[in-house]
Amino acid sequence: KMERVEADEGEEREETIEEKIERLAVEIQDIQEQGERLLRSLSAITIPPVPEPLLKLRRAVKEKETERELLLEDQRASKVVEEYLKENPSILEKVDECPICLEPIFDVDKASFFICCGKPMCGSCKEPLLAAGNDICPFCRGPFPSGGEELSILRTKAAQGKAWAQCILGQKFYYGLTGLVEDDQKAESLLRSAADQGHAGAQHCLGQYERQKDNVVEACRQFEAAASQGHMNALGFLGAHYYVGHGVEQDKMKAVRFLTVSSKLTAEDRRPHEFLARCFVYGEGGVERSPIRAVYCMKPTAEESEFSPHDKVFYAKLLWILSKSYFPDYEIAPSGDNSVPEALFWYRRAHAISGDAETVPCIEEYESSIRELCSCCFKSLST
C-alpha cells in the first residue's frame with residue numbers, strides 16, 4: 001500500500017513509485033552511515049555473535065534495499081512491456097480477449113477454453129467460476145460436458161476444421177488425457193493442422209514438440225509465430241533460445257527483452273524466470289547485476305518439483321551470494337536474517353534427485369557451519 005505524502009496544495013496524495021524509490025535510497029544511505037559510525041565505535045567484531053545494534057542496521061538495509069530493488073525491477077519491466085506492445089501493435093489485435101473482463105489473454109497456460117462453445121476465458125475470471133461450483137457455461141448457457149461428451153464434441157469440431165478443437169484434442173492425444181491412449185502421430189497431425197490455420201496455442205505446442213525432437217530451428221519458428229499473436233508463454237521460450245543461441249543467433253539484449261515481457265505478462269511459466277535470473281547474476285543483456293532481482297526471478301521456478309537439479313543448485317548459490325552480501329563477516333546470521341538454511345535445503349534437494357557430486361562439498365560446508373553454532377543464540381558451540 002502506497003504511503004501518503006503532502007501535496008503542494010497541502011492535501012495528502014499517494015506517493016508515486018519514483019518518489020518511493022528516491023526515499024528508500026536516502027533511507028538506505030542514512031542507515032549505512034549509522035552502521036559505519038557504529039563499526040568505528042567498536043574495537044573489534046567477533047565471529048559470532050555480532051553486536052545486536054549492527055544486526056538491526058543490516059536487517060533494515062536488507063529490507064529497504066529489497067523493497068527498492070523490486071520497485072525498480074517492476075518499473076523497468078513495465079516500461080519494457082509498454083515499448084514492446086507499442087512496437088508490435090498487431091499483437092493486441094490478434095490476441096484472444098476474455099469475454100468477461102475484456103482483457104487480453106496473454107497468459108494462455110492459465111486460461112480455459114470451454115469445450116461446449118470454444119470460448120476462451122482468462123485465469124482471473126476462471127478461478128471464481130470454478131470456486132463457486134458453477135456447472136453452467138457462462139457463454140452458451142449449456143451444462144459443461146462430461147469426459148465422454150467432451151471428447152465427442154472435440155472430435156466433431158476438429159473434423160470440421162475448428163483450430164481450437166484440433167489444438168485441444170492434439171494435446172490430449174500427446175499426453176494421453178481423458179482416457180485417450182498417447183499417440184504422437186495423431187497429436188502432431190492435429191497440432192500442425194491447427195498451427196497452419198494460425199492458431200497461436202497450437203503453434204506454441206508444436207514448438208514444444210519440435211524442441212523435444214531437437215528440431216530447434218523449427219521450434220523457434222513456431223514460437224515466433226505464436227508470440228507474434230500475443231502468446232507470451234511462447235515468447236518466453238523464444239527468449240530462452242536467444243539467450244543460449246540455440247536455433248537462433250545468440251542475442252542477449254533481445255533475450256532480456258523477450259524474457260522480461262513474458263515474465264511480466266505470465267504468472268507460472270518458469271522458462272522466462274530462469275534465464276532472466278541468470279541475466280541479473282552476470283549483468284547480461286543490458287541489465288545490471290542484482291542478486292536480489294535474481295532470487296526474486298528464480299523463486300517461483302525453483303519450487304516446481306520438475307525443476308532440474310542443476311537449476312536447484314543455481315538457486316542455492318544465489319541464496320548464498322545474497323546472504324554474504326549482507327552478512328560478510330560471519331558464517332551464519334541470526335535466524336531469518338540470511339539464506340543459508342534455505343540454500344542448504346535446495347542443495348540437499350538437488351543432490352537427492354541427481355546425486356550430483358557438485359553439491360556434496362557445499363552441503364558439507366553448510367552443515368558444518370550450522371553444527372558449530374547454537375540454533376538459538378548462534379554462539380559457537382565450542383565456547
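Contact here means heavy atoms within 4.5 Å, and helices (H or I, at least four residues) and strands (E, at least two) are DSSP runs, numbered from the N terminus. This is a predicted model, in which local features need pLDDT of at least 70 and side-chain atom pairs count only at pLDDT 80 or more, while totals for chains, interfaces and linings use all residues. Residues are numbered from 1 along each chain as its sequence is written, and side-chain values use heavy atoms, with hydrogens and water left out.

**View 1. Helix α4 and its buried side.** On the face turned away, you'll find Ser124 and Ala131, both exposed (over 50%). After α4 comes Gly133, with a positive phi near 70°.

**View 2. Thr260 in helix α11.** This helix spans residues 252-265. Thr260 counts as buried because its relative accessibility is 2%. Skip its neighbours within four places in sequence, and Thr260 touches Arg76, Ala77, Val80 and Leu276.

**View 3. Confidence along the protein.** The pLDDT (the predictor's confidence in each residue, from 0 to 100) averages 78. Strand β1 (residues 4-6) has the lowest mean, 50, and helix α9 (residues 216-227) the highest, 94. Over residues 329-338, pLDDT stays under 50.

Definitions and conventions. Buried means under 20% relative accessible area, exposed over 50%, partly exposed in between (1.4 Å probe, protein chains only).
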